[in-house]
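The notes follow in the order I took them.

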Amino acid sequence: MKRDPRFTVMAVSGLLALGLGATAVLLPSPYVVESPGPTFNTIGEVNGEPLITVEGRETFPTDGALDLTTVFVAGGPGQTISVFDAFRAWADPAQAVTPRELVYPPDVSESDIEEQNAEAMTSSQESAVAAALAHLEIPYGETLSVVGFAPDSAAEGILQEGDQLTLIDGEPIESLEPLKEALNAAGGKSVDITVARNGETVVESVKPLLGESGDYQLGVFLMSEFEFPFEVDIALNNVGGPSAGMMFALGIVDTLTEGQLTGGRHFAGTGTIDSSGAVGPIGGIRQKLVGASESGAEVFLAPAANCTEVVGHIPDGLRVIRVETLDDAVTAVRTLGEDNDDGAQLPSCEDPV
């Protein structure tokens, strides 16, 4: 029987279309996929070693879990994901797909990202130690140095990069919080800032500007350097960024406090932290909620600034508590860790602000 030539043409066309389609889904896509990453118990162990160790200060046994949560990112600099992988992630509510240019600058390399994440992790650990010690009223030393200036800075051209801030209106600047308080107390009037500059003591007058946060600001980027009265080591490799700061601080507080802070319960959370104990927003909150739920957490501590992303995306069985400071987080864990206390008074992300 003679085959209809139209059949051959259709068959070849179909095979070509199938091949092109298969090639298309395997081609690299310009997207980044975020998915739930592993969790790590800050009062537990990693590879058989305590995640947090303290030398030179009495520590106490802990129980339960205070998990830091992570996000696995695919498709960043030096990586590619296929169109098929992107479509598969779109279909999964636990994953987020974002154009790469909205996440990473076009000229950033994989090594740049790794270096930035490592630096952010180191900084967050130091700030976590400082915040924990401040919460426990354990004295430590902190120096603040100018490393840059914000747009429309009040201090640019007056202060200089490298200046170490020592006094404001004659009062010692022992940490970031007293500096903020003094600037707000001045109410926009000029303040005298004493700095150590090139081995000399210099006094400069700066008139702070009111920032979007409602606080008066110098408009400078500051680097903190700490001197702690004992050694705190956080052993966690292959995890970068600043978002574990709050959970590190909680773990340190529990380690240095007598009694079981968690009451044996399983908590998880996320959030940046500064030396004053302020908790800041992070990325990937929805993926972290899923990761916490999958790890068995009962309660999740979420930065207040992330609450709009949390509402409507809380996994079944997971309770989310809104926190703005380390004090808030400690109160929530201690309250829920106590017997016969359901913490009904604790704020959630669903509550009106």
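I looked up the surface first: the chain has an accessible surface of about 18,700 Å², and 51% of that belongs to carbon and sulfur atoms. I note that the model is predicted.

Overall make-up. I find eight helices and 22 strands in the chain. The C-alpha trace spans about 105 × 55 × 40 Å along its principal axes. Of the 353 residues, 42% count as buried. For contacts between residues at least 6 apart in sequence, I noted that 73% join residues at least 24 apart.

Charges. I looked up 16 positive and 54 negative side chains, with the centres of the two sets 15 Å apart.

Salt bridges. The count comes to five. Asp163 pairs with Arg197, with 2.8 Å between the closest N and O atoms. Asp163 sits in the loop between strands S9 and S10, and Arg197 in strand S12, 34 residues apart. I checked burial for both: Asp163 counts as buried because its relative accessibility is 1%, and Arg197 counts as buried at 11%. Arg197 also meets Glu204 in a salt bridge at 3.2 Å, N to O. I therefore logged Asp163, Arg197 and Glu204 as a network of salt bridges, under the 4 Å cut-off between nitrogen and carboxyl oxygen.

I then looked up Asp274 and Lys180, which form a salt bridge at 3.8 Å, N to O. Asp274 is in the loop between strands S19 and S20 and Lys180 is in helix H4, so the pair ties together parts 94 residues apart in sequence. Lys180 counts as partly exposed, at 33% relative accessibility.

Nonpolar patch. Val147, Phe221 and Met223 form one on the surface, with about 270 Å² of accessible area together. Met223 belongs to strand S16 and counts as partly exposed at 38% relative accessibility.

Technical notes: Residues are numbered from 1 along each chain as its sequence is written. This is a predicted model: local features need pLDDT of at least 70, side-chain atom pairs count only at pLDDT 80 or more; totals for chains, interfaces and linings use all residues. Side-chain values use heavy atoms; hydrogens and water are left out. Helices (H or I, at least four residues) and strands (E, at least two) are DSSP runs, numbered from the N terminus. Buried means under 20% relative accessible area, exposed over 50%, partly exposed in between (1.4 Å probe, protein chains only). Contact means heavy atoms within 4.5 Å. Accessible areas come from the Shrake-Rupley method with a 1.4 Å probe; for residues, only the protein chains shown count as cover. Lys and Arg count as positive and Asp and Glu as negative; His and the chain ends are not counted. The place of a charge is taken as NZ of Lys, CZ of Arg, CG of Asp or CD of Glu. Patches are made of residues with over 30% relative accessible area and no salt bridge: like charges are joined within 9 Å, nonpolar side chains (Val, Leu, Ile, Met, Phe, Trp, Tyr) within 5 Å. A salt bridge is a side-chain nitrogen of Lys or Arg within 4 Å of a carboxyl oxygen of Asp or Glu.
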